[in-house]
Amino acid sequence: MSIKSLLVLHSYHHKNTEAVAKVLAEVLGARIVAPREVSPAELAGYDLVGFGSGIDSGKHYKPILDLADKLPSVDAKKAFIFSTCGAPAFIVTEGFIRSNHAALRAKLEARGYAIVSEFGCPGFNTNMFLRYFGGLNKKRPNVEDLKRAEAFARDLAQKVS
Ligand SMILES: Cc1cc2nc3c(=O)[nH]c(=O)nc-3n(C[C@H](O)[C@H](O)[C@H](O)COP(=O)(O)O)c2cc1C
């Protein structure tokens with residue numbers, strides 16, 4: 001069965017999350033759109049919707065959170081969440097990623113979305129003073145991160161088909 005998937009992405013700092021989204025989109029055969037390019041009602045036409053961005057102040061970027069606030073209620077529509085974050089790689093654990101995703105997850109679940117799975121990895125970060133020291137997480141996402149993203153998408157595709 002072919003699943004109609006859409007990725008809603010906001011990625012601007014170093015396009016870190018865009019690199020992940022491209023891999024996910026390739027595996028899922030999905031289109032990538034920015035939050036401003038999609039009307040909330042349009043999402044009804046998809047079987048699976050992925051929501052992703054970088055992390056600011058421990059949450060997804062505001063355009064993604066704002067879109068989630070405007071979504072009409074759905075009946076257990078399948079969704080997934082992804083992100084890249086600029087925290088030092090050794091603290092980017094499953095639990096840390098889940099806590100970065102908590103605000104978006106709560107909004108989506110409140111609208112009736114069923115979150116199938118979540119992906120996160122470190123991303124190059126030159127926010128604020130970090131730029132004076134060459135930044136954190138240089139060259140992330142790296143090849144390994146993108147391989148994990150690919151495996152995540154394959155597993156997701158199996159779960160939803
Ligand atoms: C304004 C701003 C705030 C940020 N806040 C956080 C944060 O709270 N936690 C974190 O881990 N990374 C934070 N970062 C780092 C980004 O989440 C990280 O670099 C991410 O990979 C950028 O994704 P993008 O290139 O797709 O925009 C911040 C970056 C910016 C520019």
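The ligand sits in the largest pocket. A pocket here is an open set of points on a 1 Å grid over the protein atoms alone, with protein on both sides within 12 Å along at least five of seven lines. Sitting in one means that more than half of the molecule's atoms lie within 2 Å of its grid points.

A word on the source. This is a predicted model, where local features need pLDDT of at least 70, side-chain atom pairs count only at pLDDT 80 or more, and totals for chains, interfaces and linings use all residues. Residues are numbered from 1 along each chain as its sequence is written, and side-chain values use heavy atoms, without hydrogens and water.

Now the shell. How many residues surround the ligand? There are 21, and Ser11, Thr17, Ile55, Tyr61 and Thr84 are the closest. Six are nonpolar, 13 polar and two charged. Ala, Val, Leu, Ile, Met, Phe, Trp, Tyr, Cys and Pro count as nonpolar, Asp, Glu, Lys and Arg as charged, and the others, Gly among them, as polar.

Next, polar contacts, meaning pairs of N or O atoms within 3.5 Å. Ser11 has a side-chain N or O atom 2.6 Å from a ligand oxygen. Thr17 also places a polar side-chain atom 2.6 Å from an oxygen of the ligand. Tyr12 uses a backbone N or O atom, 3.0 Å from a ligand oxygen. On its own, the ligand has 650 Å² of accessible area (Shrake-Rupley method, 1.4 Å probe), and the protein covers 87% of it.

Terms used. A residue is near a molecule or strand if one of its heavy atoms lies within 4 Å of it. A polar contact is a pair of N or O atoms within 3.5 Å; within protein, one must be able to donate a hydrogen and the other to accept it, and residues adjacent in sequence count only if both atoms are side-chain atoms. On a 1 Å grid over the protein atoms alone, a cavity is a set of points where a 1.4 Å probe fits but cannot get out, and a pocket is an open set with protein on both sides within 12 Å along at least five of seven lines; lining residues have an atom within 4 Å of a point.
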